[in-house]
Amino acid sequence: MLYALKFALRYLGSSKLQTGLLVLGVAIGVFVFVFISALIGGLGMFLVDRTVGDISHVTIEAPSRDATLISARPDTAATVYQKAVGQREVLRTADAFLPMLEAMDGIRATSQQIVGNGFILRGQSRAPVYVKGVEADKVSAISDIDGHLIAGSARTTNSSIIIGATLASDLGLRVGQVINLQSDRNVERALIIAGIFSVGVETLDSRTAFVSLATARSLFDLDQGVSRIEIKLDDLNAAESYAQRIAAMTGLKATPWTENNAQLLDGLRAQKNSGDLIKAFSLVTIVIGVASALLLSTYRRRPEIGIMRAFGASRFFVVVVFVIQGILVGLIGGVLGAGLGYVVMSPFPVPEQAQSGSLPIDVRQGDYLVAVLLTVLGAMVASILPARAAARVDPVEVIGQ
Amino acid sequence: MTALVEIRDLVKTFGEGETATRVLRGLDLTLVEGDLAALLGPSGSGKSTLLTILGTLMRPTSGSHAMLGEDMTSASDAALTEFRNRHIGFVFQFHHLLPDFTALENVVFPTAVSKGRETREARERGEELLRRVGLGNRIHFRATQLSGGQKQRVAIARALMNQPELVLADEPTGNLDRESAGQVMELIREINETEKTTFLISTHDEKIAAACKRQIKVVDGKAVAES
């Protein structure tokens, strides 16, 4: 093997221009591979971060009591139990498992909430609003309200409310003004506007209002318990597994964000598939490039191969010489291309810091090692055809020429 | 003396059916240890085909071919490759050195390829052989930096590297000027004398043939005359 390596190195070194061009071609292919990986990965992360960054990753609710079939005997009439229309699902055991959830690795924040629908009344104006009752210090636990505050503060008291900028603009509201909030239970409360936020998510900015947990309890006439618990994870991609674990642990219904964002996931999946296709094409180009270059080398070196065979070189030795050349070209081109990709993409801000309209390239998602390994493997496979052709060279035929 | 190579009723036919061409037609030949034989004959008489079969690079259509008591006609390709490496050396008209390698690297190739690396012993023997063929000052020159005569002497050193019992030379001086041809032939005679290596030299040159101990003439695929 060591001796075959010497031949491979000498052959590659003897045609510096050809080898240089071949390595450059492979490096460009690998650069495309890592660039597409970083771009697709970054774009996916950017989209998810913008879309899902301000919503709950896992939501815990009491299991819904849907209509159930009481009797299903074929020879009798079916009896259906219909749940009461006004009945609400309430989590009464939240306090028992909340400390357990908060102690779990990977959970960034939890937020107990009492939620419901209502109207903000301001003079003759009346606007529908989705009311979220949260703990005073947890307004920003799920959505970064504090970071997107345009006026006032993000801390709720029992007499204050925080609303979105679009809603404030529609009703001509400012911080410090008083509004009436009427819930769908016909309870009305006068509240002072403590803060106005603009997250950039339309449903939050135009329809959501945050109040204290106590205010929400009185608005929605809920004596005990909460409506749900929202959870924010460190890794939002792990939402499905966390939801399963939490459901098993609490016996409650735990819904990951992915369940309500199937379209986004479909889009991301299609985007990833497109990226994989481009990466596959760049690998195919590398394989064809290496195969054709080595095949040419094989034809050029036919007399030498014949002499080597005449002096006792086995077919295996000849194969190894050419396969090593393929591996070396793949390795050098792969490392160069991956390194070049890293250097070129490093100046781009990571998706978390990318501005709207910029290229959300994530240099951390370049798949550098995978790119180099696949390239080496591809180049090795590409060299097998030329290597076999070389091993089949008939010494008699070429020595006589 | 024991026979080094023994071939009997050797037939080699190229092609099939109406296009079949019979090049060797029942040739008999014996080479013994220490032979220095010239293989003479007009072009197309079958000399090169005979050398190729003796070198185990081609199989005969029929007949027997044995070397060192081993049957060469039934051995596998891998076995023939190994046998060739250990017992047969070649010198070609166009030297056929590996152009990207030095004189020493070319000479040690037969040993290195069988051992998988260039050993110190192999390099020492290679240097000794190069000094013996008068190229002690060209050891690390690339093949492309050597003259025609020097390349042919490197080729002879390479053929002797594994101390083979038989060296087959196909027009070894055919591409050299008279002076270089004389030096190469003198070298072959010396090696034959001192190491008892058997040489079979295919040539058209009467002077080269005259410098050999035996002359074997091949006409129409048969050895018809020997002196």
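These legends describe close-up views of a predicted model.

**View 1. Strand E7 of chain A is mostly covered.**
E7(A) spans residues 160–164. Five of its five residues are buried. A:Ser160, A:Ile162 and A:Gly164 point one way from the strand. A:Ile161 and A:Ile163 point the other way. In a regular strand, side chains alternate between the two faces of the sheet.

**View 2. E7(A) pairs with strand E9 and with strand E10 of chain A.**
E9(A) covers residues 188–197 and runs parallel to E7(A). Five bridges join these two strands. E10(A), residues 208–212, pairs with E7(A) in the antiparallel sense. Two bridges make up that pairing. Follow A:Ile163 to see both partners. Its bridge partner in E9(A) is A:Ile196. In E10(A), A:Ile163 stands opposite A:Ala209.

**View 3. Strand E8 of chain B is largely enclosed by the rest of the structure.**
Why is E8(B) described as largely enclosed? Five of its five residues are buried, so the rest of the structure largely encloses this strand. E8(B) runs over residues 198–202. B:Thr198, B:Leu200 and B:Ser202 point one way. B:Phe199 and B:Ile201 point the other way. Buried residues are found in both of these sets.

**View 4. E8(B) pairs in the parallel sense with strand E3 and with strand E7 of chain B.**
E3(B), residues 36–40, pairs with E8(B) over four bridges. Here B:Leu36 has B:Phe199 as its bridge partner. E7(B), residues 166–170, pairs with E8(B) over five bridges. In this pairing, B:Ala169 stands opposite B:Ile201. How does the chain get from E7(B) to E8(B), and which hand does the crossover have? The chain passes through helix H6(B), residues 178–195. This β-α-β crossover is right-handed.

**View 5. The largest nonpolar core has 126 residues.**
Within this core, A:Val290 and A:Val318 touch the most other members. Helix H2 of chain A, residues 16–52, gives the largest share of the core, with 17 residues. Now look around A:Val318. This residue touches A:Ile305, A:Met308, A:Ala313, A:Ala390 and A:Ala391. That list leaves out residues up to four places away in sequence. Another core, of 44 residues, lies apart from the largest one. Among its members are A:Ile161, A:Ile231, A:Leu233 and A:Leu236. In soluble globular proteins, nonpolar side chains tend to be buried together.

**View 6. Chain A touches chain B.**
How many residues does each chain bring to the contact? Chain A brings 18 residues and chain B brings 22 residues. H1(A) gives the most, with five residues. By type, the residues on the side of chain A divide into 13 nonpolar, three polar and two charged.

**View 7. The domain assignment of chain A gives two parts, domain 1 and domain 2.**
Domain 1 of chain A is made of residues 2–51 and 264–399. Domain 2 of chain A covers residues 90–226. How far apart do the C-alpha centres of these domains lie? They are 55 Å apart.

**View 8. A:Arg392 sits in a loop between two helices of chain A.**
The helices are H11 (368–391) and H12. Is A:Arg392 buried or exposed? A:Arg392 has 12 C-beta neighbours inside 10 Å, so it counts as exposed. The cut-off for exposed is 12 or fewer. A:Arg392 and A:Ile305 are 87 residues apart in sequence. In space, their C-alpha atoms are 9.5 Å apart.

**View 9. A:Asp221 and B:Leu68 have positive phi values.**
Phi of A:Asp221 is near 55°, in a residue other than glycine. A:Asp221 lies in the loop between helix H6 (213–219) and strand E11 (228–233) of chain A. It counts as partly exposed because it has 13 C-beta neighbours inside 10 Å. B:Leu68 is not a glycine either, and its phi is about 50°. B:Leu68 is placed in the loop between strand E4 (62–67) and strand E5 (70–71) of chain B. With 16 other C-beta atoms within 10 Å, B:Leu68 is partly exposed.

Methods
Residues are numbered from 1 along each chain as its sequence is written. Chains are lettered from A and ligands numbered from 1 in the order in which they are written. This is a predicted model: local features need pLDDT of at least 70, side-chain atom pairs count only at pLDDT 80 or more; totals for chains, interfaces and linings use all residues. A residue is buried if 20 or more other C-beta atoms lie within 10 Å of its own, exposed if 12 or fewer, and partly exposed in between; C-beta atoms are placed from the backbone. Two strands pair if DSSP finds at least two bridges between them. A crossover is right-handed if, with the strands pointing away from the viewer, the path from the first strand over the helix to the second runs clockwise. A nonpolar core is a set of buried Ala, Val, Leu, Ile, Met, Phe, Trp, Tyr and Cys residues joined through C-beta atoms within 7 Å. Two residues are in contact if their C-beta atoms, placed from the backbone, lie within 7 Å. Ala, Val, Leu, Ile, Met, Phe, Trp, Tyr, Cys and Pro count as nonpolar, Asp, Glu, Lys and Arg as charged, and the others, Gly among them, as polar. Domain bounds come from an automatic or database domain assignment.
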